[in-house]
Amino acid sequence: MSQIPASIDAVQELLAGQDYVCGRALATVTFLALKLGRPLFLEGEAGVGKTEIAKALAAALGRRLIRLQCYEGLDAASAVYEWNFAAQMIAIRTAEAGGGADREVLQSELFSEEFLIERPLLQAMRPQDGGPPVLLIDELDRTDEPFEAFLLEALSDFQVTIPELGTVKAPAPPIVILTSNRTREVHDALKRRCLYHWVDYPDFAREMEILHARAPEATETLSREVVAFVQKLRTEDLFKRPGVAETIDWAKCLLALDVIDLSPEVIADTLGAILKYQDDIQRLQGSEAKRLLDEVRKDIAAQ
C-alpha cells in the first residue's frame, strides 16, 4: 500500500505512473480530498477521464476499487445490501425437512452475515487489506433526489444501518469519488459535502500527452492529426462531442489498421470509434470530412 501523496506534484507523479495525465488544478483538488478526507465530486462531459482517475488512484495507492454504478431507480437497499433470498428459502426447506427448527433460532440464522449480499456502499464500510478502499460513485446524475438524500447521510458519518444486524461504521473513511455527466443538477447539499472540480476537455498539448501515455506506439504525425481532428470536431454542432476516451480509441483503431496518416476515406471508415450517433456520423460523410481534415492540416502547419 502506498502512502497518501505529500504534495500536489506527488499526486501528479502518482497518477502519471498509471498513465493518467493530470493537470495542476485537478491534482490540487485531488490532493486536498486525500489530505482532508473529503469526498471529491467531479463533473464534466462523458469521456473526459472522471472515472479513470478513481481507477488510477486505486491502482497507484494499492487500494481496492469499489464501484457503485448509478442508474435510474437505484435505491438505498440496492446500493447497500440485499438478502440472499434463494439461499434463505433453501435453508428454510432444509430445516422443515429435518423436522423443523426453533422459529426464533431459524429467523436469527436467516438474517445473519451468512445470507447477506454486500453491495458497494456496505463493502466500502468494511475493513480492507491495504487500507480504506477507493469508493467510486459513478454517474450520480442518473439517480434521483431520494437517493441523493440517503447518500448525503451515508457520506456524513461513513456508516450504514442494516435493521436486522445493526449499524456498520467504517473503521476509516474510504476515499470517495463521485462523478456526474451533468444530465441534471445534483443537489447543493451533496455538493457542499464534497470538494468540487469541473473536468473539461484538455487543450491540444495535454491531449497529446494523454495520447502519448495511452497509445505510445502512434507516430508523432498521426497523433497530432488525430488530436487536432478530434478537437476540431468538438467545435462542430454535434449531438454528442467526442471525449478523450474516443480520441484514444480512435488512435488504437487506426494503429490496428496500420494507418500512417489520416485521409477522408480512413476517417469515413472509422467514424464509429469517435462518434456514437448516426446523425453525427452522417454529418461527417463525404466532403465534410475532407474539409475538416484540410483545416486541421492547415492549423498544424501554422503551429
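Predicted model: local features only at pLDDT ≥ 70, side-chain atom pairs only at ≥ 80, totals over all residues.
I started with arginine 234 and, leaving aside neighbours within four places in sequence, found it in contact (heavy atoms within 4.5 Å) with Tyr201, Pro202, Glu207, Arg241, Pro242, Gly243, Val244 and Thr247. Residues are numbered from 1 along each chain as its sequence is written, and side-chain values use heavy atoms, with hydrogens and water left out.

**Arg234, continued.** I placed arginine 234 in the loop between helix 11 (220-233) and helix 12 (244-256). Helices here are DSSP runs of H or I with at least four residues, strands are runs of E with at least two, and both are numbered from the N terminus. Is arginine 234 buried or exposed? I found it buried, with a relative accessible area of 8%; buried means under 20%, exposed over 50%, and partly exposed in between (1.4 Å probe, protein chains only). I also noted a polar contact of 2.9 Å between the side chains of arginine 234 and glutamate 207. Such a contact is a pair of N or O atoms within 3.5 Å; within protein, one must be able to donate a hydrogen and the other to accept it, and residues adjacent in sequence count only if both atoms are side-chain atoms.

**Leu255.** Next I looked up leucine 255, in helix 12. At 21% relative accessibility, leucine 255 counts as partly exposed. Not counting residues up to four places away in sequence, I saw leucine 255 touch Ala215, Glu217, Ala218 and Leu222. From leucine 255 to threonine 219, I read 9.4 Å, C-alpha to C-alpha, across 36 residues of sequence.

**Helix 15.** I then turned to helix 15 (residues 287-302), which has 16 residues. Which of its residues are buried? I listed Glu288, Ala289, Leu292, Leu293, Val296 and Ile300. The buried residues of helix 15 pack against helix 11, helix 13 (264-270) and helix 14 (278-283).

**Whole chain.** Last, I counted 15 helices and nine strands in the protein chain. Buried residues make up 47% of its 303 residues.

Note on methods
Expected span 1.5 Å × (residues − 1).
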